[in-house]
Structure formats: structure tokens, C-alpha cells
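Colleague: Please take me closely through a single part of this model, one residue at a time.

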Amino acid sequence: NQRLTTFVELLHGLGWQTAMWSDNPNITPPVGFAQGAESFRDYFHQPCHPEHCGELPEILSDVDRWFAETRDAARPFCLYVHVMDAHYPYEPPPETRGRFDRTPSDLQLTGPIVHDYMTGKRSEEKLTPERLTSLVDRYDEELLALDGRLGPFLERMRREHPNTVIVVSGDHGEEFFEHGNLGHSHALWQELVHVP
């Protein structure tokens with residue numbers, strides 16, 4: 001929305017070097033999020049590695065490349081990095097797969113499946129306690145992998161750029177039938193909004 005000013009746009013106007021990376025289909029240039037960004041890598045609309053498109057290792061590699069090839073040391077910088085690794089479908093990477101999920105289920109969440117549960121097209125009866133536990137465990141494995149991959153990168157950033165403010169935030173949590181639904185984008189329960 002060109003009528004609104006983003007924080008990236010504000011900082012760019014003050015002379016900061018700005019860059020953004022996003023794997024979120026809602027955080028893209030077509031909906032106005034590139035305002036003020038000197039560069040914007042949109043993994044949702046632009047070609048990338050077919051097997052790992054927009055996953056954290058690829059994005060962090062691209063951020064490192066930006067520091068090596070584009071960074072102007074004479075200017076302060078503002079980077080925005082949005083990752084979707086801890087999001088359904090829950091497919092944890094090999095390093096955390098099976099850490100919590102000891103009895104894997106064939107049930108996988110996707111947007112349409114969540115919609116079907118919320119609109120009554122799918123029956124809650126087929127979501128056995130074991131299948132639900134498997135979903136929660138795979139979600140937790142994705143979160144663990146995200147922490148394990150992001151942590152070393154943030155520590156390195158703090159060492160290499162000690163005057164940098166780093167803000168880490170989640171955009172939402174997930175509901176696993178605590179209030180009768182699955183996923184997110186439908187309510188404001190604590191399990192959905194209580195994120196840093």
C-alpha cells in the first residue's frame with residue numbers, strides 16, 4: 001500500500017542500506033512490502049532451488065552473499081528476513097526428524113486440509129490422539145531445526161556486527177484442537193498470538 005510508510009522505507013529515507021528476503025506469500029513486492037528495499041528476494045514468486053526453495057539454509061546463504069557482495073560499510077543497514085520453515089506442511093529436516101515424533105502418522109496439514117476441518121468437510125473423529133500427537137511432534141521438530149539453524153547465524157551476526165539490534169519474532173503460533181480448530185488465521189487464542 002503506497003499510502004503507508006514501512007519501517008524499511010523510513011530507514012532507507014534516512015540513508016540506510018536496506019534489503020529484504022521473504023518466503024512468505026503475504027510478504028511480497030506485489031502487496032507493497034518492498035517499499036524502501038534496495039533489494040528484495042521473493043522466494044515465493046522468483047525461481048530458486050527446487051528442492052529447498054526459500055528454506056532457511058538457502059535464505060541465510062543469500063544473506064551472507066549480500067554481506068560479501070553488496071554491503072556498503074559506509075552506511076548503516078537494515079535487513080528483514082522472513083522464513084516459513086516452521087509452518088505446515090510439517091516436514092522437519094533430517095537433523096531433527098524423529099526427535100519427538102516416535103510414531104509418525106500419514107496425516108499432513110496443508111491449507112486446504114485445515115480449511116476442510118474448520119468448515120466441517122473433514123471429520124474430527126479421524127484425527128485420533130496419536131495422529132494429533134504426531135502433528136504436534138513434527139511441528140516441534142521444525143521449531144527445533146529452526147532454532148538450531150538460526151542460532152549460529154545470529155551469534156555470528158552479533159560477533160561481526162556488535163552494534164546491530166537484532167529482532168526475532170514469530171508471526172503466529174498453531175492451534176491443535178485446543179479450541180476446536182487446526183492451524184492458524186482463524187482466531188486469537190493464546191496458542192496463536194502468544195509469540196515473541
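**A loop arginine and its surroundings**

Modeller: Arginine 75 counts as partly exposed because its relative accessibility is 24%; buried means under 20% relative accessible area, exposed over 50%, and partly exposed in between, with a 1.4 Å probe and protein chains only. The model is predicted, so local features need pLDDT of at least 70 and side-chain atom pairs count only at pLDDT 80 or more, whereas totals for chains, interfaces and linings use all residues. Residues are numbered from 1 along each chain as its sequence is written, and side-chain values use heavy atoms, with hydrogens and water left out.

Arginine 75 belongs to the loop that runs between helix H2 (56–69) and strand E3 (77–82); helices (H or I, at least four residues) and strands (E, at least two) are DSSP runs, numbered from the N terminus. Glycine 15 is 60 residues away along the chain, yet its C-alpha atom is separated from that of arginine 75 by 7.1 Å. Beyond neighbours within four places in sequence, arginine 75 has contacts (heavy atoms within 4.5 Å) with His12, Gly15, Trp16, Gln17 and Glu38. With glutamate 38 there is a side-chain polar contact of 2.4 Å, that is, a pair of N or O atoms within 3.5 Å; within protein, one must be able to donate a hydrogen and the other to accept it, and residues adjacent in sequence count only if both atoms are side-chain atoms.

Glu38 and His12 are also among the residues touched by threonine 18, together with Val8, Gly36, Ala37, Ser39 and Cys78, leaving out residues up to four places away in sequence. Threonine 18 sits in strand E1 (residues 17–22) and is buried, because its relative accessible area is 0%. A polar atom of its side chain lies 2.5 Å from the backbone oxygen of glycine 36.
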